[in-house]
There are 2 protein chains.
Amino acid sequence: MTRMHKENNLSKNQQIIFDLIDKSPEPLKAYTILFNVQKKGINAPPQVYRALDKLVEIGKIHKIESKNAFVACKNSDCEISKATAFSICESCEMVDEISDTKLSKYLSSFNHKKGMKFKRFNLEFFGICKKCK
Amino acid sequence: MTRMHKENNLSKNQQIIFDLIDKSPEPLKAYTILFNVQKKGINAPPQVYRALDKLVEIGKIHKIESKNAFVACKNSDCEISKATAFSICESCEMVDEISDTKLSKYLSSFNHKKGMKFKRFNLEFFGICKKCK
DNA sequence: TTAGAATTGTTATAATATAACAGTATGTAA
DNA sequence: TTACATACTGTTATATTATAACAATTCTAA
C-alpha cells in the first residue's frame, strides 16, 4: 500500500517502536510499548515482539534480561550486541549502558577453561545510583 | 503437623526443590520443577516460586536470566550470589557456572564512571560448547 | 508459652511471549 | 515488467512465566 519507511533501514513498525524506546529515559517493557503504539496502528503483541526481535538482532536495542525490558543502544562498541554491559539501579530502576573499552576487551578475550569459545556476552551490574544514595 | 526438615537450613519445599535442581545436569524452569514435584505434594506455582526466591536469596541456586531457568550454585566464590558468571551453549543449552577468581575480582572491583558503586553483578557468556562443535 | 516471623496451601489472575496462518510490500534478477 | 524470494504485516488464539491475596500452620526465640 504505502511505501515502507526505509530511510534508516527500518520498517514502519520497527521505526515506530525504535523511536519510542530511543526517546525513553527508562527501559520499556513489551506491553508498555504495545500500549503506547496502539494509536499508531500496532495492535497485537506479535507485532511488537517481532519488531523487538529484529531491533535486537541488528543491535539497535538491547534487552535487559533481568527486567524483561528494552533500551536503545547508546554505544558504538557493542557491534551487533556481541558485548553488552549495563549498570542497573535497584532503587529507581535506571539503566545505563556501560561503554568501557578495557572492560569490553577483557571480557571479549575471556575464554572458558572447558574449551568453549565465546561469541557474545551480557553483563548486568546492580547497585544504587548517585541520585538514589 | 510434622517437623520441618531443617537439617540444612532449608524448609521442606525448599529442600525438595533444591534437590531436584541440584541433581539436574540442565537448568530447570519453574514449571518443569512444578511438574516434577507434584508427586511430592507441591501443587501450585506460588509454592515453587517462593522456594526459588528463597533459594536464590540465600545463594543455593542462581537464576539464568536469559533462560528463565535455575541452576544449583557450584561455586563457593559467589557468596550469596553477589558475583555470578555463566557459560551458556547456544546449541545444547548447557549452562556452566564460571569460577574464575581473576574475573570475579576484576568485575567486583569495577566501578561505574557515573559514581555508582556496584553491589552485585551477573555475567552470561554465550557460545558453542566443545561437545557441540 | 506465646508472639513474631517464616512457611505452607490454595484460588485466581497478571504479565510475558509465541504459534500459526493469511496477506502485503520490497528487492532483484531474468 | 514479470515473477520469484524474502521480509514484513495483521490477526486470533494460546502458551509460558510469575504474582496477588488470603487463610492456616509451623518455627524460633524471648
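1. Asn13(A) counts as buried, because its relative accessibility is 19% and the cut-off for a buried residue is under 20%. The model is a predicted one, and this value is computed from it. Asn13(A) belongs to helix α1 of chain A, which covers residues 12–22. Leaving aside residues up to four places away in sequence, Asn13(A) touches Ile42(A), Gln47(A) and Ala51(A).

2. The contact between the two chains draws on 36 residues from chain A and 36 residues from chain B. Together, chain A and chain B bury about 3300 Å², and carbon and sulfur atoms account for 57% of this area. On the side of chain A, Met116(A), Phe125(A) and Phe126(A) provide 18% of the area buried against chain B, more than any other three residues.

3. The rule finds six salt bridges between chain A and chain B. One of them joins Glu90(A) to Arg120(B), with the closest N and O atoms 3.2 Å apart.

4. As to the elements involved, β3 (83–89), α4 (101–108) and β5 (117–128) of chain A each contribute at least two residues to the side of chain A that touches chain B. The most comes from β5(A), with 12 residues. By residue class, that side of chain A comprises 16 nonpolar, seven polar and 13 charged residues.

5. Strand pairing links the two chains as well. β5(A) pairs with strand β6 of chain B (residues 117–128) in the antiparallel sense, over 11 bridges. Within this pairing, Arg120(A) has Phe126(B) of β6(B) as its bridge partner.

6. Within chain B, β6(B) also pairs with β4(B), in the parallel sense and over seven bridges. Here the bridge partner of Ser87(B) is Phe125(B) in β6(B). Strand β4(B) spans residues 83–89, and seven of its seven residues are buried. Ala83(B), Ala85(B), Ser87(B) and Cys89(B) point one way from the strand, whereas Thr84(B), Phe86(B) and Ile88(B) point the other way. In a regular strand, side chains alternate between the two faces of the sheet. In β4(B), the residues pointing either way are all buried.

7. Ile88(B) stands opposite Val95(B) of β5(B). The hairpin of β4(B) and β5(B) has five residues between its strands, and in it Glu93(B) adopts a positive phi near 75°.

Note on methods. Residues numbered from 1 in each chain as written. Chains lettered and ligands numbered in written order. Predicted model: local features only at pLDDT ≥ 70, side-chain atom pairs only at ≥ 80, totals over all residues. Heavy atoms only, no water. Contact = heavy atoms within 4.5 Å. Buried area = accessible area lost by both parts, 1.4 Å probe. Salt bridge = Lys/Arg side-chain N within 4 Å of Asp/Glu carboxyl O. Helix = DSSP H or I, 4+ residues; strand = E, 2+ residues; numbered from the N terminus. Nonpolar A, V, L, I, M, F, W, Y, C, P; charged D, E, K, R; others polar. Pairing = 2+ DSSP bridges. Buried < 20%, exposed > 50% of the residue type's maximum accessible area, 1.4 Å probe, protein only.
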